[in-house]
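Let me put the structure up, and then I'll walk you through it.

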Amino acid sequence: MPCRVFRGSTPQPPTGGDKVIRRLAVASVSLAVVLGCGTLPAVAADSRPTAAASAAPDVDVTKVKAHLNELSAIASRNGGNRRSTGQGYRDSVAYVKGKLQAAGYTVTEQPCTSGCTSGAGPNLIAEWPQGDANQVTMFGAHLDGVSAGPGMNDNGSGSAALLENALTLAQQNPAMTGRVRFAWWTDEEQGLNGSDFYVRSLSSTERAKIKAYYNFDMVASVNGGYFINHITSAAAAPMKAYWDSLGLQPEENTEGAGRSDDYSFEQYGIPTSGYAMGASARKTSAQAAKWGGTAGSAYDPCYHRSCDTLTNINTTGLDRASDGIAHTVWQRAVRSETGGCDTAGVVGNGGFESGTAPWTGDTGAIGAHSGQSAHTGTRYAWLAGYGSTRTESIGQQVTVPAGCSRATLTYWLRIDTDETGSTAYDRFTVKADGSTLATLSNADASGGYVQRSVDLTAYAGRTVTVTFTGSEDASLQTSFVLDDVSLQGS
């Protein structure tokens with residue numbers, strides 16, 4: 001992981017404060033009609049989650065460490081490091097590439113022809129040639145290190161965990177619903193350059209096929225913690241579920257925000273997550289009480305130093321990260337062999353009671369606004385309701401379990417309007433990956449909430465973006481008030 005942020009901060013969604021002020025005025029007009037890591041905790045290293053998660057294999061951490069041994073030997077033969085411009089990096093690429101080709105992957109070396117340090121080696125991309133090629137989940141780690149040392153935790157750990165996961169997938173050879181693409185990036189330590197070049201070089205059509213990207217940078221810090229990028233997002237759900245199953249109580253990866261290769265994908269609107277165990281930031285007392293280790297000391301005391309050797313590896317953390325990657329691969333892209341249809345928690349924050357994540361779009365619509373009320377709880381999403389030309393949307397990614405013979409997205413909707421008659425002036429739509437599944441209008445207004453549904457059975461085994469949109473014409477408000485969204489299956 002680089003020492004600092006090399007690109008700008010990730011843009012934040014609008015707060016929606018202006019909307020609330022305008023809606024107060026609208027509400028007053030409409031009152032006649034309606035009244036917003038060292039010593040780790042004593043959890044067995046080979047603990048496995050129950051139920052559907054158990055379908056994922058246990059990745060052998062001794063094999064992960066064997067890859068680390070090879071990367072260490074490569075560094076020793078090449079001046080003690082694996083920096084992107086040196087032979088140590090190129091030999092690392094050759095080692096990983098050889099393993100992947102032997103396992104049956106489609107492997108590509110991608111030279112970085114713009115934006116990388118002069119002389120930097122290539123990115124390495126490997127795709128498992130099964131599953132829907134239009135539904136790609138990517139898993140990546142930077143393979144280069146700094147000049148100061150061999151880079152065993154940063155980032156031999158992420159690279160080795162990813163490699164053994166790729167080999168495990170090939171060995172298991174399960175039936176696939178989507179494609180899995182692995183990547184080992186060049187020149188990350190000089191500014192996320194390899195991954196930036198990769199995403200930048202893709203056509204908009206190819207970028208749209210990537211439904212999520214997962215990053216693994218420093219997953220074996222000796223005094224580390226358990227951190228997840230964008231922990232409340234839909235993309236992070238399978239990663240968090242695995243670590244939650246081990247009782248680890250993971251936290252948001254604030255130290256790594258904008259500092260590793262996931263940021264290159266974020267810049268193009270691709271959902272991201274990933275595991276990390278921390279770099280130079282210091283463990284808090286609360287974290288030491290929860291995870292063990294030494295409060296006040298760096299998560300990785302050898303970060304970017306010559307002592308980042310094989311002795312700087314936390315085997316327990318490495319094991320937990322490796323198994324969590326496998327769990328995520330299986331949840332995202334492997335067809336269920338059990339026929340299970342567990343839809344619990346598939347829609348994140350469907351009642352809007354826990355802030356706005358993982359909803360995206362016009363999230364200022366979410367809250368406990370004056371002038372409307374929730375179906376349950378205190379919060380909801382109020383789309384439109386201005387009495388002027390306006391369109392607002394919120395959405396999130398939803399992974400429909402492959403084992404569902406029927407999957408139904410249900411939601412509660414209240415429509416109130418100042419329009420009269422049966423002409424549809426203002427509209428509410430529900431879409432999945434841009435395809436319209438339902439359309440309602442001011443003509444469907446009623447006195448309260450009505451439960452409605454759309455059929456998502458056709459998307460079983462896939463991750464789709466579900467979007468709710470409210471739009472108004474130039475006059476007379478219509479409010480579309482959404483609450484309690486969930487997925488039901490059988």
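So, for the overall layout, this chain has 10 helices and 18 strands. Keep in mind that what you're looking at is a predicted model. Of the 490 residues in the chain, 57% are buried.

Let's go inside. The largest nonpolar core has 62 residues, and the ones touching the most other members are Leu 100, Tyr 105, Leu 169, Trp 184 and Tyr 275. Which helix gives this core its largest share? That's H4, residues 152–172, with 9 residues.

If you skip its neighbours within four places in sequence, its contacts include Tyr 89, Val 96, Leu 100, Asn 123 and Leu 124. Also among them are Ser 159, Leu 162 and Leu 163. There's another core too, lying apart from the largest one, with 34 residues, including Val 347, Ile 366, Val 398 and Phe 480.

Last stop, a pair of helices. H2 is residues 61–77 and H10 is residues 315–333, and their axes come within 10 Å, crossing at roughly 110 degrees. Angles from 65 to 115 degrees count as roughly perpendicular, so that's what we call H2 relative to H10. On the H2 side, the contact is made by Val 61, Val 64, Lys 65 and Leu 68, while H10 brings Thr 315, Leu 318, Asp 319 and Ser 322. Sorted by class, that contact has 4 nonpolar, 2 polar and 2 charged residues.

That's my tour, thanks!

Methods. Residues are numbered from 1 along each chain as its sequence is written. This is a predicted model: local features need pLDDT of at least 70, side-chain atom pairs count only at pLDDT 80 or more; totals for chains, interfaces and linings use all residues. Side-chain values use heavy atoms; hydrogens and water are left out. A nonpolar core is a set of buried Ala, Val, Leu, Ile, Met, Phe, Trp, Tyr and Cys residues joined through side-chain atoms within 4.5 Å. Buried means under 20% relative accessible area, exposed over 50%, partly exposed in between (1.4 Å probe, protein chains only). Helices (H or I, at least four residues) and strands (E, at least two) are DSSP runs, numbered from the N terminus. Contact means heavy atoms within 4.5 Å. Axes are lines fitted to C-alpha atoms, for helices over the stretch in contact, and angles run from 0 to 180 degrees between N-to-C directions. Angles under 35 degrees count as roughly parallel, over 145 as roughly antiparallel, 65 to 115 as roughly perpendicular and the rest as oblique. Ala, Val, Leu, Ile, Met, Phe, Trp, Tyr, Cys and Pro count as nonpolar, Asp, Glu, Lys and Arg as charged, and the others, Gly among them, as polar.
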